[in-house]
Amino acid sequence: MSIPDSLRTVVAVAVYWTAIALGGSVLLPDPTSPLAAVPILGGGAVVAHAARADRLVELGYAVGTMWLAVLALSIGTGVVDVFVLPAGEIAPLAGYPGIAAIGTVGLFGVLLVAYGAFVRRSAERDAGEAE
């Protein structure tokens, strides 16, 4: 049984957009913050571009890269909590408005840079195969 390409594209778009919105807003203390528009609307624009340009595979790699950055932030925050702060005190990274804003925009920036790099790499590979 074969799945139609249009259904496959719709599912990929929904999954990637959700992953971008969740990963990009992980540092926001309030999900109704105006900063939530950055990963939601920006992610929608990137996903729409990838779907129209037939670059969903490259977008998938970029989303994975963004989630690696989320993991690195989580590990870094844990290390700071364990080794830098006094015993018994936990500092929520998202509790600081400046950090939340920089982190949200920064994670979206990671997505954009990774997507651009993967698209360029794919285009160079395609041009090399055409020769």
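Helix H1 covers residues 5–24, a run of 20 residues. From its first C-alpha to its last it reaches 28 Å, close to the 28 Å expected at 1.5 Å a residue. Keep in mind as you look around that this is a predicted model.

Which residues of H1 are buried? They are Ala12, Ala19, Ile20, Ala21, Gly23 and Gly24. These buried residues pack against three helices: H2 (37–52), H3 (56–83) and H4 (97–130).

Thr104 counts as buried because its relative accessibility is 0%, and buried means under 20%. What does Thr104 touch, leaving aside its neighbours within four places in sequence? Its contacts are Gly24, Leu27, Leu28, Leu35, Val38 and Pro39.

Now turn to the way H4 meets H3. The axes of H3 and H4 come within 8 Å and cross at roughly 145°, and H3 passes H4 in a right-handed crossing. On the H3 side, the contact is made by Glu58, Leu59, Tyr61, Ala62, Val63, Thr65, Met66, Ala69, Val70 and Leu73. H4 contributes Leu107, Val110, Leu111, Ala114, Tyr115, Phe118, Val119 and Ser122. The residues of this contact divide into 15 nonpolar, two polar and one charged.

Note on methods. Residues numbered from 1 in each chain as written. Predicted model: local features only at pLDDT ≥ 70, side-chain atom pairs only at ≥ 80, totals over all residues. Heavy atoms only, no water. Helix = DSSP H or I, 4+ residues; strand = E, 2+ residues; numbered from the N terminus. Expected span 1.5 Å × (residues − 1). Buried < 20%, exposed > 50% of the residue type's maximum accessible area, 1.4 Å probe, protein only. Contact = heavy atoms within 4.5 Å. Axes fitted to C-alpha atoms, helices over the stretch in contact; angles between N-to-C directions. Left-handed = near helix turned anticlockwise from the far one by under 90°. Nonpolar A, V, L, I, M, F, W, Y, C, P; charged D, E, K, R; others polar.
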